[in-house]
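Visitor: I'd like a quick tour of this one. Can you take my questions one at a time?

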Amino acid sequence: MFLRSAIICYFLSSHRHGCDAVIASRNLDKLKEAAVKLSAVSGRRCLPLRIDVRQPESIVAAVDETLKEFGRLDILINNAAGNFLCPASALSFNAFKTVLEIDTMGTFNTSKVVYEKWFK
């Protein structure tokens, strides 16, 4: 919970200093609801975008939409995580693979796309 709280605090702090933001996840309905609340609290724009960090093409589309909407991308926070709340002995091979795909590959995929599309 601390990481999520820290990111929300960073987000709100950035918004208060004039930053607009994008929030991204697989669940667009929850994102839209969160974006409305964050914009209401901060007075800044918050763009909700659906992505799956395991699919680079969805990241490309999100980065393209971000650049179209805001014209720039200054900070990337990789916070996607796959979790199975169980002992490791109960974790299937496929479940562990999914965690690695989201946590490790997702971080790489997102960072690479953002670098290639904006920072390069």
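Visitor: What percentage of the 120 residues in the protein chain is buried?

Guide: First, a caveat: this is a predicted model, where local features need pLDDT of at least 70, side-chain atom pairs count only at pLDDT 80 or more, and totals for chains, interfaces and linings use all residues. Residues are numbered from 1 along each chain as its sequence is written, and side-chain values use heavy atoms, with hydrogens and water left out. Buried means under 20% relative accessible area, exposed over 50%, and partly exposed in between (1.4 Å probe, protein chains only). For the 120 residues of the protein chain, the buried share is 28%.

Visitor: In what order do the elements of the protein chain run from the N terminus?

Guide: Helices (H or I, at least four residues) and strands (E, at least two) are DSSP runs, numbered from the N terminus. The protein chain has four helices and two strands. Their order is α-β-α-β-α-α.

Visitor: In which sense do strands β1 and β2 pair?

Guide: Two strands count as paired if DSSP finds at least two bridges between them. Alanine 21, for one, has cysteine 46 in β2 as its bridge partner. Between them, β1 (residues 21-25) and β2 (residues 46-50) have five bridges, and the sense is parallel.

Visitor: Is cysteine 46 buried or exposed?

Guide: Don't look for a disulfide here (a pair of cysteine sulfur atoms within 2.5 Å), as a search of the whole structure finds zero. Cysteine 19 is partly exposed at 35% relative accessible area. Cysteine 46 has a relative accessible area of 10%, so the label is buried.

Visitor: Which residue meets aspartate 64 in a salt bridge?

Guide: A salt bridge here is a side-chain nitrogen of Lys or Arg within 4 Å of a carboxyl oxygen of Asp or Glu, and the whole structure has 10 of them. For aspartate 64, the N to O distance is 2.9 Å and the partner is lysine 117. That pair links distant parts of the chain, 53 residues apart: aspartate 64 sits in helix α3 (residues 56-70), and in helix α4 sits lysine 117.

Visitor: How far apart are the closest N and O atoms of aspartate 52 and arginine 54?

Guide: Aspartate 52 is buried at 7% relative accessibility, whereas arginine 54 is partly exposed at 29%. The two form a salt bridge, and their closest N and O atoms are apart by 3.1 Å.
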